[in-house]
Amino acid sequence: MKLLWLQAAGCGGCTQSLLGAESRAGVLAQFADSGLELVFHPGLSEASGDESLAVLRGAADGTVPFDVLCVEGALLRGPGGSGRFQLLSGSGRPMIAWVRDLAARARHVIAIGSCSAYGGIISSGENLTDACGLQFDGDQEGGLLGGDFRAAAGLPVINVAGCPAHPGWIVDTLLSLSLGALGESDLDAWQRPRFYSEQLVHHGCPRNEFYEFKASAQKLSDLGCLMENMGCKGTQANADCNLRPWNGVGSCVRGGFACISCTEPGFEEPGHPFMETPKVAGIPTGLPIDMPKAWFVALAALSKSATPRRVRENSRADHAVIRPSIRKRGPK
Amino acid sequence: MSRRLTIGPFNRVEGDLEVTLEIAGGRVDSARVCSSLYRGFEQILIGKHPLDALVIVPRICGICSVSQSAAAAAALADATGLPMPANGRLASQLILACENLADHLTHFYLFFMPDFARAAYRGRAWHAQAERRFKADVGEALREMLPARADWLRLMGHLAGKWPHSLALQPGGTTRAVTATEKVRLLSVLREFRAFLSHTVFGDSLENVTAIADAGQLAAWAQGRPADFPRFLEIAADLGLDSIGRASDSFLSYGAYRQPDHRGRKGQHLFARGVWQGARQLFSESSISEDVAHAWLVGDRPLHPRHGETRPSPGEFAEQPDAYTWCKAPRYDGGVFETGALARQMVAGQPLLRALVEARGGSVLARVVARLFEIALVVPAMEAWVRALTPDEAFCSPWQLPDQADAVGLVEAARGALGHWLRIESGRIARYQIIAPTTWNFSPRDSAGVPGALEQALVGLPVGEGESVPLAVQHVVRSFDPCMVCTVH
């Protein structure tokens, strides 16, 4: 399976994330050994200048074969629909024109990261550059290619959303496609592969005991649950970040800071400071997904009153100040 | 015969780059460097809560993500006037150093060395080996370097949650306290990385490498040594990489890695702050200005970034015939300065780099040697920082952001001097200006017509008749390790 990778208006962070994939001989060897060939990648290929343009022109006119178009970064339609905020260097043509041409030739089109999926961080504020995703503009269908777009093999754009995308999400998506094991029914409503999006960041959260008792962090670096005060959206965010570690051992909440739900369209404009939880009458407005509000309020009040001293004290410190007791005869 | 050659997309750099050369008599007569992507981060930040900068600025760049965080955290700390606990400072520096060293390694193996595996070099004594080790995507060295890099980034997993795009760096310190056992695990990560460096990159201990003090010793040391840095030195000697790529030979460093003093307060930099123009001079932040005469931006005079603005020019681009890039032209005391590992080591007084530059000026060789020497110099410092972490003490101080502030955060990213200038009004960001390392290095001409550092470094390079990807140009451009997504944000 031949990959053609473009970097539109992003930060290159999804490529950097991918290069950190944990694999015995590194991700490039894993690709090669799995029959994935990089026909072009702006950060990795030997080709430069005219050599690169020759590959891209050939891919666009059908003379250089490729199967999968991966796009990293938002698509800039501005100013005034011209795409002039990003010309593909050396070509004098807007990146959005190249993406349209190449998407029309690809068997599959993959948005790598939330920018190319939905617009992402660059579309926040006034969206001066008129940034959008390949098939979404924020949470609205459309984007650069339009809601009806289907790549040659029949699938819509596959959105490996995340800021950045986890290397495992990218690798699993590509290997599944190469094995013919990813169909339309494997994508969720935001066109994300369900294998990672049908989990919650809350699943496997190491702060689980603090969550159970609503023993909340009062400030950053506290060990307590980050949901009540620190803006954490882990109970609502669709991703497997705490089941599939980042950089071997980490995740956002493991690192001591809030999940900002970066796999979700519109995460870049939460309507509140990222590191503060919006509340009405002291109750967070964003409740755990699938949880009725009345039950949440009732359970929160009950669990707060039942919080063990150990959990309460530790939640307000950056290292455990009270250790769990040890049962003399072992747990039953 | 004269001709114009435009090279783009200039690959194996981070982000979008186009270089246009005027060629006369088989040599580059003049060069123009174009940053061809504009995203508008400085405008996005206006009106936001000041702490939201910590979410937004890392996403300027996926390879300098932590450096952008560190500069924002430093600016916010400057706004609060907050002292940082020693643990927080050490952990912040470990996170920044982890990124900087990973970037140096990425540059060497993924961006820079693959050019020597090109078919155009077939016939050189070293080509077969360069092709086997360094060929883009498939070189055998990548099978060793990428796993070593992934293991190295476990430091990020422990200290910063993830990389890129962490929120662990805060104005008061870091969000993730380290336990005594995690200290042991961090030391293990460092030990494994040291072993990879000694075995694969240098073929010698880090301490033996950094003891090399002049070009003669370096050549003797590299002779026949079976490791990747000495392999590069052999290629560099054959191709004369010590005599191409000279820019202004004026160097700028904001100073890297403050060592906490014995009371845990911030002490001296590991690599000093200053400027170098034949001799070291003190750095003055007020001497910085940015000029937009050749950028597709509005402005009529150079401004200090405290007063700077970033506004794309309205209407037709044809209205600005002199403009050719989105990049501003930063100047220090009106002059063109180079920044990066070489600049850091020149200002810090590293003997080998001083000797190389005093002999032949800034060059492709000197820039690459500086990066690899920095890896060898910083790993031992990181080992000491991990040992100095005190698990039962605080990693982060609470802080109160003021409603009004003018603040600045100056850090050293892998690629050099990175500054954030922040104004807070009524509790919101009122102005945010960023000057990134490659903004300095890949600056366009200023209003006096003086070309930027790379534009100067390209003049005089040979370009063969009909050659569309001149190799010397490839080497010189990549020797700066440009990060174009930082350059124009």
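Strands (E, at least two residues) and helices (H or I, at least four) are DSSP runs, numbered from the N terminus. Two strands pair if DSSP finds at least two bridges between them.

This is a predicted model: local features need pLDDT of at least 70, side-chain atom pairs count only at pLDDT 80 or more, and totals for chains, interfaces and linings use all residues. Residues are numbered from 1 along each chain as its sequence is written, and chains are lettered from A and ligands numbered from 1 in the order in which they are written.

**Exercise 1.** Describe the hairpin of strand 2 and strand 3 of chain B.

Solution.
- Take strand 2 (residues 17-24) and strand 3 (residues 27-35) of chain B: they run antiparallel, joined by eight bridges.
- Find a facing pair: Glu22(B) stands opposite Ser30(B).
- Look at the turn: two residues lie between the strands, and Gly25(B) takes a positive phi near 60°.

**Exercise 2.** Work out the strand order of the open sheet in chain B.

Solution.
- The order of the three strands is 14-15-16, with antiparallel pairing.
- Strand 14 (405-413) and strand 16 (428-435) are the edges, each pairing on one side only.
- From one strand to the next, the twist averages 15° (axes are lines fitted to C-alpha atoms; angles run from 0 to 180 degrees between N-to-C directions).
- Strand 15 (residues 416-425) of chain B is joined to strand 16 by seven bridges.
- Trp421(B) faces Gln433(B) there.

**Exercise 3.** List what Ile95(B) touches, not counting residues up to four places away in sequence.

Solution.
- Contact means C-beta atoms, placed from the backbone, within 7 Å.
- Ile95(B) touches Val66(B), Met156(B), Leu159(B), Ala160(B), Ala168(B) and Leu169(B).

How values were computed. Two residues are in contact if their C-beta atoms, placed from the backbone, lie within 7 Å.
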